[in-house]
Amino acid sequence: MARIRTNKNICLACFGDLDLQRSCLACGKKADDTPSLPHHLPQRTVLNNRYLIAKALGEGGFGITYLAWDLAQGIKTAIKEYYPSGYVNRVPKSNQVIINSKQNQAASNRGLKRFIDEAKVLAKIKNLPGIVSVRDFFSANGTAYIVMEFLDGISLKKYMQRKGGKITADEVLTILRPVMESLLEVHKLGLVHRDISPDNIIITKYNEVKLIDFGAAKQSNLDGKSLSIVLKQGFAPEEQYRTHGEQGPWTDVYALGVTIYYCITGKLPPESIQRMYKDTIVKASEIGAQISPMQENALLKSLAVYAKNRYQDVKQLMAGLYGIRAAKLFEQAAAQKAAAPRSAAALRSDIPFTAPRAAPVPAPAPAQKTAAPAPAPRAAPAPAPRASVPHAHAPRASVPSAHTPRAAAPSPKTIEDRKREIAQNRARHLQNKK
Amino acid sequence: MKILTASLCKIGGRDYNQDFVTVSASGSNACLVVCDGLGSYTGSEDASRLCAEKIKDLFEQVSEYDPARAVKRIYCEAYIENAHHFVTSHKERNPKIAQSCTTVACAITDGTSTTFAHIGDTRVYFFRNHKLTYQSKDHSLSQVAVELGQIKLRDIRTHKDQNKLTRVLGSDYFVQADIESLQKPLNAGDSILLCTDGFWEYVYEEEAEQDLASSATPEEALHKMEKRLLARIPRFNDNYSAIVAMCKED
Ligand SMILES: Nc1ncnc2c1ncn2[C@@H]1O[C@H](COP(=O)(O)OP(=O)(O)OP(=O)(O)O)[C@@H](O)[C@H]1O
């Protein structure tokens with residue numbers, strides 16, 4: 001007898017159907033029904049009539065990020081809930097988020113407003129290859145939610161740890177290129193990320209590199225309370241510590257500089273605010289980093305304590321880091337790629353990616369997305385970090401994969417494709433059952 | 001010369017005590033650690049305890065086979081870095097306390113070499129002959145204001161940014177402690193005071209000097225300071241903790 005598919009019997013691992021023993025008919029996994037933490041949304045909560053909460057992915061000072069299934073489209077999403085820890089509580093059962101004391105009210109509301117404002121802007125800039133795309137946002141439970149594409153991968157921090165605690169400047173620059181290119185566009189819109197660090201850069205299974213976690217809500221100076229709080233250690237330039245510090249693209253330039261410094265040395269430079277009166281920063285090359293003199297000069301300039309001595313924007317930073325010659329080469333490469341798409345074989349040799357087996361033809365991006373600002377036409381879906389950094393005569397491969405290459409295609413699936421696939425899976429497993 | 005110690009670690013007017021204090025002392029050897037788990041983040045009492053205990057354990061382990069090195073600067077740095085990784089790996093296994101972190105202040109000595117280290121706003125004070133000769137600089141926005149000449153050191157206690165820390169231990173990234181090594185061996189009459197902000201906010205430096213000078217034992221000195229504190233605290237005051245170590249003739 002056919003069972004009705006409800007949020008209670010959907011497999012949270014693959015979106016298939018659970019049988020009466022709560023094993024999935026599609027992936028075979030048993031449902032994990034252990035209760036969620038009390039201050040998190042419970043598993044299987046449906047938000048906005050559309051998103052089925054699978055589990056919390058993590059929690060920061062200002063929000064909780066969940067993995068959720070989009071019931072309408074059958075795809076995974078990451079949903080960030082505004083939840084400033086220490087300022088709010090969750091009412092059991094109703095899931096309402098309430099401010100825990102009068103004195104925190106104003107600060108918390110200010111943060112919420114910023115969170116919503118930024119979500120609205122972010123929703124307009126989806127489809128930049130180096131930035132996580134925002135699919136939706138809404139208010140509910142007394143707070144607000146941002147729905148993002150789910151990124152399956154590891155953070156740059158994890159990646160470099162797995163590679164022994166540091167990587168070369170060439171490698172980190174290869175990884176960061178798509179992020180920097182996308183930041184150029186983000187900055188044009190007057191947005192500043194404010195929280196760039198190796199945990200907020202995700203390298204996906206498909207070797208895309210994406211920046212997550214825009215920090216608007218964090219900027220709000222949540223004051224009016226007596227408990228100690230920590231300011232983002234290491235990555236924030238001095239203007240971010242000041243209530244009226246002027247922030248701009250140069251703010252992200254500093255954080256990018258620290259990100260590079262950290263990746264190539266395994267250590268943080270002293271925090272900017274201390275460097276204002278006692279600067280003990282040591283050159284990365286002096287503590288064992290592999291970096292060329294040109295790159296090091298650019299790095300130091302990005303790390304200037306005061307904004308006026310820093311590169312003013314990412315364009316200047318990139319010219320400094322990659323060199324004007326390299327920038328030209330990127331352009332040429334892009335032009336060549338546009339003229340003659342690389343063969344599948346050539347593609348395979350430099351990125352861990354193989355052609356789709358039985359997957360649908362890579363379809364154009366879903367129509368509701370806005371066009372990315374002029375990315376070079378691609379031969380294949382998102383083999384981001386595309387070119388390697390031209391350096392001496394050792395052309396390097398793009399990001400060495402932190403994941404095992406997958407046989408299945410990482411094609412940007414349309415919703416229809418995905419739905420069809422799910423339906424096929426389900427049909428196949430029902431068949432097997434019989 | 002021998003080192004005598006006394007400590008306290010109290011809940012104050014809060015619901016939880018997230019401070020942690022540990023002492024290992026024998027003869028002229030000592031490892032003193034005070035940690036203050038950050039109250040804004042759940043599970044910080046774990047972070048402070050794990051950090052303090054790890055530092056003490058490592059000190060004791062190294063002391064056993066190489067006592068002279070155990071008190072050196074680079075070893076002290078290593079204890080703290082290890083404590084950070086110990087706390088973060090514990091957090092990885094316990095997502096509930098993912099945000100927890102702690103301050104730390106520690107002093108290690110064998111009587112000849114003495115090293116102080118701290119992260120955050122838990123303080124190290126060193127008194128030579130009852131006179132304050134070293135005071136650690138907090139990792140807080142208020143301390144920055146002091147360094148930039150905007151406020152007086154004394155006024156940190158009432159400054160609005162005193163709770164905004166610029167460094168802690170056990171957070172996403174390891175940050176170095178500030179380390180200070182004493183140039184001279186310890187002598188009878190010297191004292192060390194380690195304490196959390198819940199303590200130093202209500203006990204002024206010159207009062208600590210007086211209380212140390214007028215007391216025969218560390219217990220007595222600590223008791224006098226606590227009396228001053230109790231006379232000043234508001235309701236719902238913070239946890240407060242301190243260790244007093246006094247150097248005495250054998
Ligand atoms: N779009 C996404 N896809 C997949 N995972 C994500 C996505 N966005 C965030 N995450 C993951 O969710 C976890 C929690 O992230 P979140 O930003 O809430 O907290 P945080 O980064 O740990 O803290 P903070 O917000 O204070 O920086 C992280 O492990 C992050 O990698």
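Two strands are taken as paired if DSSP finds at least two bridges between them. Helices (H or I, at least four residues) and strands (E, at least two) are DSSP runs, numbered from the N terminus. The model described here is predicted: local features need pLDDT of at least 70, side-chain atom pairs count only at pLDDT 80 or more, and totals for chains, interfaces and linings use all residues. Residues are numbered from 1 along each chain as its sequence is written, while chains are lettered from A and ligands numbered from 1 in the order in which they are written.

Chain A contains 10 helices and 12 strands. Of its 434 residues, 39% are buried, where buried denotes 20 or more other C-beta atoms within 10 Å of the residue's own, exposed 12 or fewer, and partly exposed a count in between, with C-beta atoms placed from the backbone. Contacts are assigned to two residues if their C-beta atoms, placed from the backbone, lie within 7 Å. Among contacts in chain A between residues at least 6 apart in sequence, 63% join residues at least 24 apart. The domain assignment divides chain A into domain 1 (10-150) and domain 2 (153-338); such bounds come from an automatic or database domain assignment. The C-alpha centres of domain 1 and domain 2 of chain A are 28 Å apart.

The ligand lies between domain 1 (10-150) and domain 2 (153-338) of chain A, because both give residues to the shell around the ligand. That shell has 17 residues, of which A:Leu57, A:Gly58, A:Gly60, A:Thr65 and A:Ala78 come nearest; a residue is near a molecule or strand if its C-beta atom, placed from the backbone, lies within 6 Å of it. Strand 2 and strand 3 (63-70) of chain A each supply at least two residues of the shell, and the largest share, 3 residues, comes from strand 2 of chain A. By class, the shell around the ligand comprises 8 nonpolar, 6 polar and 3 charged residues. In this classification Ala, Val, Leu, Ile, Met, Phe, Trp, Tyr, Cys and Pro count as nonpolar, Asp, Glu, Lys and Arg as charged, and the others, Gly among them, as polar.

A:Gln73 counts as partly exposed because it has 18 C-beta neighbours inside 10 Å. From A:Gln73 to A:Gln105 the separation is 32 residues in sequence and 37 Å in space, C-alpha to C-alpha.

In chain A, an open sheet of 3 strands has the order 9-10-11, with antiparallel pairing. Its edge strands, each pairing on one side only, are strand 9 (153-155) and strand 11 (209-211) of chain A. From one strand to the next the twist averages 30 degrees. Strand 9 of chain A is joined by 3 bridges to strand 10 (residues 201-204) of chain A. In strand 10 of chain A, A:Thr204 is the bridge partner of A:Gly153, and A:Ile202 stands opposite A:Ser155. A further 3 bridges join strand 10 to strand 11 of chain A, where A:Val209 is the bridge partner of A:Ile203. The hairpin of strand 10 and strand 11 of chain A has 4 residues between the strands, and in this hairpin A:Asn207 takes a positive phi near 65 degrees. Helix 3 (residues 169-188) of chain A lies across strand 10 and strand 11 of chain A, at about 50 degrees to strand 11. Axes are lines fitted to C-alpha atoms, for helices over the stretch in contact, and angles run from 0 to 180 degrees between N-to-C directions.
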